[in-house]
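Here is a guided walk through one model. Keep the sequence and the 3D view side by side as you read.

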Amino acid sequence: EESIVYKNMLKRDKVDVVSITEPIVEGPFGSLIERIIEWMDEYYSIRLSSEVKRGMTEKARRGEIQTIASFGYTFENGKLVPEPREAEIVCKIFQRFIEGEGFYSIARWLNEMGVRTHRGNKFENRTVEYIIRNPVYIGRLRWNPEHKTKRNFEDENIILTDAKHQPIIDLTTWEQAQTQVAMLKSMWKYKGRPITEMKDWPSGIVRCAACNSTLVFENPHYYKCGAYAKGRCRYSQHIKADMIKEAIIEKLKEDYSSASQLTYTIIHKKENEEDIPRLQASLASVERKIIRLREAFLAEIETAEEYKKHKAELSAEAEQIKARIAELESAVSCGDATIKIKEAIAVALKTLQSPDATVIEKHSAANEIIESCLWDKANNLITITYRLAFS
């Protein structure tokens, strides 16, 4: 298609395209032959791409590296080998993260020391997150034959295999880090600012009831819909900072002292944030992989031994997921959640009303129990949805 477009553009400018390796005769028959040759070239390119992709997929399943060495490793004789200085930094990154330090803070620490990525760039939040979630550090390799993962580490197409290189991080540390990541993902909103950059404690918590965008802190001491400021929302939803803070605290007091039961939904979760909907999605993903594996075997892409091995692995994984779903479905109620919610509200109120508490401490206290807080100026209404984790 591109060939036709560009040749027509050149033809309009009275420029002839002459091929030395594939000379074409003049006239309609020559144009037909030219189209056939172009189609054959495109077909060859598609077949070549398919064969390369198949080869890379098989290489990934054998646990062989096919990308640049991850931070902490270097290549020696085609194999990943820990680079002592970088490996030590990776260990410190995991340790600091497990101890409660965030991606942003760790990135700043690395940049202040002058540490750079293998591409020579400074560290960012996403760079640190990628290191934390990269299984290469426990001796495994991750590969997506379909497309770039783009930080979607739950992608059903991902191939995860055991490799032959030396791990830098032990499995216990790795699992603790993944649990911490899952907790942060559930607590903090997508693209949320680091807590140290909050101008006031409601920042990042209060949202526009019309478009669900965050209310941003504007001078002098006002909150306004961030999407409205950029022309993406029709409602400004502006409100004085003191008024929104007072409204949140008053609503917390009202719910704490209320004699009636609060409406709530219980979601059973394990320590690694595995709930039933997520497990069901994982089970569906594994079942689709089994179907695609069978199709690959019937197309003679997989050998009988490879098919048997991979099917056994996927079937075992599916059975484990089914067992966890059954375990969660049979779990008993977590008791009176209203009591526990009110206890959590009391703890948050103590911090929010303390004159000695810092902005960071107040923000953390509010974010600990508030899942969402919507401000609707038209109806003068604030709606709070609570978040509570208990065993």
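Start at K253. With a relative accessible area of 32%, K253 is partly exposed; that class lies between buried (under 20% relative accessible area) and exposed (over 50%), using a 1.4 Å probe and protein chains only. Its partner is E250: the two side chains meet in a salt bridge, 3.7 Å from N to O. A salt bridge here is a side-chain nitrogen of Lys or Arg within 4 Å of a carboxyl oxygen of Asp or Glu. E250 is partly exposed too, at 42%. Both residues lie in helix 8, three residues apart, about one turn of the helix. Salt bridges with shared partners also join D200, D242 and K245 into one network.

A word on the source. This is a predicted model, in which local features need pLDDT of at least 70 and side-chain atom pairs count only at pLDDT 80 or more, while totals for chains, interfaces and linings use all residues. Residues are numbered from 1 along each chain as its sequence is written, and side-chain values use heavy atoms, leaving out hydrogens and water.

Now take helix 8 as a whole. Helices are DSSP runs of H or I, at least four residues, numbered from the N terminus.

In helix 3, E88 and K92 are four residues apart, and their side chains form a salt bridge at 3.6 Å, N to O. In helix 4, E112 and R108 are four residues apart, bridged at 3.9 Å. E112 counts as exposed at 62%. The structure holds 12 salt bridges.

The largest nonpolar core has 32 residues. Such a core is a set of buried Ala, Val, Leu, Ile, Met, Phe, Trp, Tyr and Cys residues joined through side-chain atoms within 4.5 Å. Its largest share, six residues, comes from helix 3. F94 is among the residues with the most contacts inside the core.

How values were computed
Helix = DSSP H or I, 4+ residues; strand = E, 2+ residues; numbered from the N terminus.
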